[in-house]
Amino acid sequence: RAIQDLNQAIKLDPKDALAVFNRGLTFKAMGDAKLAIADYDTAIKLDPKNALAYFNRGIAFRENNDPEHAVADFSQAIRLDPKNGLAYFNRGLAYYERRELERAIPDFDQAIRANPNYAPAYYGRGLAHYDKRDFDPAIQDLNQAINIRPSYTVAFNIRGLSYAGKGDIDRAIQDFDQAIRIDPKFAVAYNNRGEAYQTKREHDRAIADFEQAIKFNPAYDVAYFNRGMAFRDRREFDLAIQDFTQAIRLDPKNALAFNNRGFSYRNKGEPDRAIADFDQAIKLNATYAPAYYNRGLAFADKRDFDKAIQNFDQSIRISPTVAAVWLDRGLAFRDKREFDRAVQDFDQAIRLDPKLAVAYDNRGLAYHEKKSYDRAIQDFDQAIRLDPKFAVAYNDRGLAKGAKGQTEAAIGDFD
């Protein structure tokens, strides 16, 4: 009925800017952003100094996923009405949506100056600080938002993520708890609390939270992925594969899900299916070093050491500071009986991680193969110093001592 009345008013006076503007507001309230924008366009042509028309058109552009035009309209609204705190706030949100965090934060500042009790402005600024990984300022802003609005569910959620970012997992869980108390169907908070429990290696509690997240949002691909990771960490690979498969159905471009499903297939002894998943992960993200590494491991499982080394090479080119990749390439060279190259890779693994006992043990084995028994024993000694319960290193040292004719000392290590 309101639209009919406004249509009649506009028919009687097509230059009635207020009637056109009000019809735009009505279309907006009805959820039709495109028709609202068309009326705001006309209202602005009829009255170019109407700050509210620019402001409301900016809102409609934001809701229509067009932050670029929204920024332009909020900027014009601010030029016409420099004290419009809501225009600064909404321009800040539009900048945030464009990932221009450095421009968003000053707009939230201005919104707060205009209204120091406007909780969403503190929340918006806190969110921008969180995305910049500036966790302390984020927490300060979210504290203020919560002080003003104690039932601000999303503020508790982002503050929890900020505490998690600082490594304070217990305080993060407290905030996710509170978010869930306020909104027991808040799927994102269940997921985030699950991730926090997963960090604490409390897999059962993590899985229970991911299940709740999925219950309240059955299309929540991240929750399926996270539950798959929890099952993977518990070595329940069949359940992990089911969850990664569902995550992929919901988001076919999720390279992480392909990589971790491949990891699960490999641990089930299915290297070919694993390789197919690593292939897909790499197709989706050609610079995803872990997928090359995992594909290299799968080729090594198949005793195809040349292809394994090619994949380890690519992983190292992308991310040269991961000790495990150097270690496994060294193992592939050792299996090819290229002991000098194996030693070089074990050297680098040790440089990157001087406490990696298994790297010393494997370098010792390479020296043993080169008949450099003294150097081998030195490496086995170091492996045992780092891990006194490393039974394999005692055995390997015993073999090296035996090769030197030190029979009694060898027997001591075997014992």
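Let's start with helix α12: 10 of its 13 residues are buried, so the rest of the structure largely encloses it. Buried here means under 20% relative accessible area, with exposed being over 50% and partly exposed in between, using a 1.4 Å probe on protein chains only. Helices are DSSP runs of H or I with at least four residues, strands are runs of E with at least two, and both are numbered from the N terminus.

Quick housekeeping. This is a predicted model, so local features need pLDDT of at least 70 and side-chain atom pairs count only at pLDDT 80 or more, while totals for chains, interfaces and linings use all residues. Residues are numbered from 1 along each chain as its sequence is written, and side-chain values use heavy atoms, with hydrogens and water left out.

Back to α12, which covers residues 187-199. Which residues of α12 are buried? They're A187, A189, Y190, N191, N192, R193, G194, A196, Y197 and Q198. Those residues pack against α10 (153-165), α11 (169-182), α13 (203-216) and α14 (221-233), where a contact means heavy atoms within 4.5 Å. As for length, 13 residues at 1.5 Å each should span 18 Å, and the end C-alpha atoms of α12 are 19 Å apart, which agrees. That expected span is 1.5 Å times one less than the number of residues. Just past the helix, R201 takes a positive phi of about 65°.

Now look over at α10. In α10, too, 10 of the 13 residues are buried, so the helix is largely enclosed by the rest of the structure. The buried ones are T153, A155, F156, N157, I158, R159, G160, L161, S162 and Y163. What covers them includes α8 (119-131), α9 (135-148), α11 and α12.

On to the cores. A nonpolar core is a set of buried Ala, Val, Leu, Ile, Met, Phe, Trp, Tyr and Cys residues joined through side-chain atoms within 4.5 Å. The largest one has 88 residues, and Y123 and A155 have the most contacts inside it. Helix α6 (residues 85-97) gives the largest share of this core, 7 residues. If we skip neighbours within four places in sequence, Y123 is in contact with L142, A145, Y152, V154, A155 and I158. There's also a second, separate core of 39 residues, and A274, A298, F346 and I384 are among its members.

F346 comes up again with N362. You'll find N362 in helix α22 (residues 357-369). At 7% relative accessibility, N362 counts as buried. Not counting residues up to four places away in sequence, N362 touches L327, L331, R334 and F346.

Next, the rings. How many aromatic pairs does the structure hold? There are 9. Rings of Phe, Tyr and Trp (its six-membered ring) pair if their centres lie within 6.5 Å; planes under 30 degrees apart are stacked, over 60 edge-to-face, and the rest tilted. Take F55 and F74, a tilted pair at 5.8 Å centre to centre with 55° between the planes. F55 is in helix α4 (residues 51-63) and F74 in helix α5 (residues 67-80), so to speak linking distant parts of the chain, 19 residues apart. Both F55 and F74 are buried. Then there's Y293 with F312: centres 5.9 Å apart, planes at 45°, so that pair is tilted. Y293 is buried at a relative accessible area of 16%, and F312 counts as buried at 1%. We also get an aromatic cluster made of F89, F108 and Y118.

Last stop, charges over rings. The rule is that NZ of Lys or CZ of Arg is within 6 Å of the ring centre and within 35 degrees of the ring normal. The charged end of R99 sits over the ring of Y96, 4.8 Å from its centre. R149 lies over the face of Y152, at 4.5 Å from the ring centre.

That's my tour, thanks.
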